[in-house]
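Okay, thanks for coming, everyone.

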Amino acid sequence: MADHGEQACKSVGEGMTRVFGLFGKRWTGLIVATLLAGPAYFADLRRAIPGISERMLSDRLTELAAAGLLLREVDAGPPLRVAYRLTEAGKALEPALKELGRWAEQHFGGGGSGCPERFR
């Protein structure tokens, strides 16, 4: 086992860098959090996340799919509709996202959604 200096052990690791490279982008966490409730169509995601543009939603969905966190499924239609659902890797983020939500309520306060705990 290699002996690392104190400074090397205090630096940010590759995994954390990759996580925040994706989740540090605006809207990404909200998209995943919305999909935790189950698959959703593009229009449903757009309505569920106020302020996100169609272009930004499309870009973030493409990035999440490339990262292996969600799947894009096309319904033959008519009309043609695209649904998105989390992969197992995406679903595995649930405990971390719920904990972040609890932390935000405790430390940022006043942001209660009025939704039951099981939906937060």
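So, what covers the buried residues of H5? The cover includes H2, H3, helix H4 (42-48), strand S2 (70-75) and strand S3 (81-86). Quick housekeeping: this is a predicted model, where local features need pLDDT of at least 70, side-chain atom pairs count only at pLDDT 80 or more, and totals for chains, interfaces and linings use all residues. Numbering runs from 1 along each chain as its sequence is written, and side-chain values use heavy atoms, with hydrogens and water left out. Helices (H or I, at least four residues) and strands (E, at least two) are DSSP runs, numbered from the N terminus.

Back to H5, residues 54-66. Buried here means under 20% relative accessible area and exposed over 50%, with partly exposed in between (1.4 Å probe, protein chains only). The buried residues of H5 are Leu57, Arg60, Leu61 and Leu64. They cover an arc of only 105° around the axis, so they sit on the same side of H5; that arc uses the directions from the helix axis to the C-beta atoms. Turned away from that side are the exposed Arg55, Thr62 and Ala66. After H5 comes Gly68, with a positive phi near 80°.

Now Thr28, which lies in helix H3 (residues 28-35). Thr28 is buried, at a relative accessible area of 0%. Skipping neighbours within four places in sequence, Thr28 is in contact (heavy atoms within 4.5 Å) with Leu22, Phe23, Arg60 and Leu64. Two of those names, Arg60 and Leu64, were on the buried list for H5.

Key:
The expected span of a helix is 1.5 Å times one less than its number of residues.
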